[in-house]
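Open the model in a viewer and keep the selection panel to hand. The stops below go from the whole chain to single residues and back out.

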Amino acid sequence: ALVSMRELLDHAAEHGYGIPAFNVNNLEQVQAVMSAADEVGAPVILQASAGARKYAGESFIKHLIQAATEAWPHIPLVMHQDHGTSPKVCEGAIRLGFGSVMMDGSLLEDGKTPSSFDYNVRVTREVVEMAHRVGVTVEGELGCLGSLETGLAGEEDGIGAEGKLDHSALLTDPEEAARFVEATQLDALAIAIGTSHGAYKFTRPPTGDVLAISRVKEIHARIPNTHLVMHGSSSVPQDLLTLINSYGGQMKQTWGVPVAEIQEAIKHGVRKINIDTDIRMAMTGAVRKFLAENPEKFDMREWMKPAREAARAICKQRYLEFGCEGQG
Ligand code: G3H
Ligand code: 13P
Ligand code: NA
Ligand code: ZN
C-alpha cells in the first residue's frame with residue numbers, strides 16, 4: 001500500500017536502518033524492486049526522474065507504481081519524484097499522486113547551473129508549503145553533487161552542474177544546512193559529500209580525500225532531526241563491470257561508493273540512499289550475456305527475464321546491506 005515517506009523515514013531513523021531508493025523506468029524494474037523487497041520484508045521507495053517520466057510517460061509511471069501496490073498490497077511503498085527542477089514540476093508530481101517529491105534547488109531550473117542559497121531556500125520553502133498541506137513529504141538538496149577529484153558532476157546528460165565546481169560547493173556545510181532546514185522546514189535533506197551521479201564516480205577505490213563520509217557525521221550532529229539523503233550511491237560492482245565488458249561492452253574502469261561507507265553513513269543519519277546506476281549495470285550485463293550466448297533468440301521476454309532477475313538480485317543485496325530485512 002502507498003504510505004507516507006515521512007513515516008517510512010521516521011521508522012528507519014527510530015530503528016537505525018537506511019532505505020535504498022531505486023530509480024525505475026519500466027515494468028521490469030518495478031517488478032524487480034518489488035519482488036526483492038517481498039523476499040526480505042523490506043519497505044520500498046520507487047523513484048521516478050524527469051527522464052523516467054519522459055521515457056515511460058506520466059500515466060505509465062503512475063499506473064506502474066499503482067499496479068505494484070495491487071500486486072504486492074502488503075508492502076509499504078512510497079512513490080517519490082526524483083530531482084524536481086522547479087515548484088511547478090513538484091506541483092505536477094503531487095497532482096499525479098506522488099507521495100513525496102524532491103525539490104532540487106541546488107541548481108537552477110535548467111538542472112545545470114548552481115544556484116544561490118537564497119534561491120534554494122525560496123523554491124524549497126514554496127514546495128514545502130504546497131506539499132505539507134496535502135501530506136506530501138519533501139526532500140531538498142544543499143551543496144552540489146560532484147567529484148572531489150575532478151570538481152565535475154559526472155553525468156553527460158540529466159541532472160548535474162555543468163563545468164568545474166568549487167571545492168567548497170562539493171561539500172555541504174553543516175552550519176548552512178542548519179539554516180536551510182530552519183528556513184524551509186523540509187523533511188529530508190540530500191547532502192553533497194563527494195558522490196556524483198552515474199557510473200564514473202572515482203578513478204580509484206575512494207578514500208576519505210575523495211569521499212567525505214566524515215561530513216555526514218558533522219551534518220547529522222548539527223541537524224539530528226532531519227533525515228539525510230545520499231544521492232549518487234551506486235557501488236558500481238566490479239563484477240558487473242567485468243561481466244558487461246566480457247560480453248562486448250566497453251565501459252571504462254571506474255569505482256563507485258563502497259557499501260561499507262554507506263553502512264557507516266546510515267549510522268549517522270542517512271535514511272534514503274539513491275541507486276540507479278547499479279540496476280542499469282545489472283540489467284545490461286545480463287542482457288549482453290544472454291544474447292551473446294543465445295544469438296538465435298529474439299523473444300524479448302527471454303532476454304528481459306535474466307535482466308529482471310539480475311536487477312532483483314542487486315536490490316535484494318542492498319536491502320539486506322542497509323538493514324531493511326523485516327522492516328516492511
Ligand atoms: O538523477 C539521476 C538518476 O540516475 C536518474 O537518471 O535522469 O537518466 O533518469 P535519469
Ligand atoms: P547513481 O547514479 O549512483 O545510481 O545515483 C542515482 C541517484 O542519485 C538518483 O537520484
Ligand atoms: Na531524490
Ligand atoms: Zn540524484
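Strands in this tour are DSSP runs of E with at least two residues, and helices are runs of H or I with at least four, both numbered from the N terminus. The model is a predicted one.

**Whole chain**

Start with everything shown as a cartoon. The protein chain has 12 helices and eight strands. Its C-alpha atoms fill a box of roughly 60 × 45 × 35 Å along the principal axes. A compact globule of 328 residues would have a radius of gyration near 20 Å, and the 19 Å of the protein chain agrees with that. Of the 328 residues, 52% count as buried. Among contacts with a separation of 6 or more, 75% are between residues 24 or more positions apart.

**The barrel**

Next, hide the helices and keep the strands. Eight strands form a closed barrel in the order 1-2-3-4-5-6-7-8, with parallel pairing. Neighbouring strands of this sheet are turned by 25° against each other on average, direction ignored.

Select residues 227–230 and 270–275, which are strand 7 and strand 8. These two pair in the parallel sense over three bridges. Val 229 stands opposite Lys 272 of strand 8.

**Strand 3**

Now select residues 77–84, which make up strand 3. How many of the eight residues of strand 3 are buried? Eight of the eight are, so the strand is largely enclosed by the rest of the structure.

The bridge partner of Val 44 in strand 3 is Leu 77. Strand 4 runs parallel to strand 3 and is joined to it by three bridges; here His 80 has Ser 100 of strand 4 as its bridge partner.

**Asp 82**

Stay on strand 3 and show the side chain of Asp 82, which is found in this strand. An unreviewed UniProt entry annotates Asp 82 as "active site". Is Asp 82 buried or exposed? Buried is the answer, because 27 C-beta neighbours lie inside 10 Å and the cut-off for burial is 20 or more. Leaving aside neighbours within four places in sequence, Asp 82 is in contact with Asn 23, Gln 47, Ala 48, Ser 49 and Met 102.

Asp 104 is in the loop between strand 4 (100–103) and helix 6 (117–133). Its 25 C-beta neighbours inside 10 Å make Asp 104 buried. Beyond four places in sequence, Asp 104 touches His 83, Gly 84, Thr 85, Glu 141 and Ile 159.

Glu 141 belongs to strand 5 (residues 137–142). Glu 141 is also buried, with 26 other C-beta atoms within 10 Å. Not counting residues up to four places away in sequence, Glu 141 touches Asp 104, Gly 105, Ser 106 and Ala 190.

**The nonpolar core**

For the last stop, select Val 33, Val 44, Leu 46, Val 101, Leu 189, Ala 282 and Ala 311. These have the most contacts inside the largest nonpolar core, which has 97 residues. Then centre on Ala 282: apart from neighbours within four places in sequence, Ala 282 is in contact with Leu 240, Ala 310, Ala 311 and Ile 314.

Technical notes: Residues are numbered from 1 along each chain as its sequence is written. Chains are lettered from A and ligands numbered from 1 in the order in which they are written. This is a predicted model: local features need pLDDT of at least 70, side-chain atom pairs count only at pLDDT 80 or more; totals for chains, interfaces and linings use all residues. A nonpolar core is a set of buried Ala, Val, Leu, Ile, Met, Phe, Trp, Tyr and Cys residues joined through C-beta atoms within 7 Å. A residue is buried if 20 or more other C-beta atoms lie within 10 Å of its own, exposed if 12 or fewer, and partly exposed in between; C-beta atoms are placed from the backbone. Two residues are in contact if their C-beta atoms, placed from the backbone, lie within 7 Å. Two strands pair if DSSP finds at least two bridges between them. Axes are lines fitted to C-alpha atoms, for helices over the stretch in contact, and angles run from 0 to 180 degrees between N-to-C directions. UniProt positions are given in the numbering used here, feature names are shortened, and annotations may be inferred rather than shown by experiment. The radius of gyration is taken over C-alpha atoms; the globule rule is 2.2 Å times the number of residues to the power 0.38.
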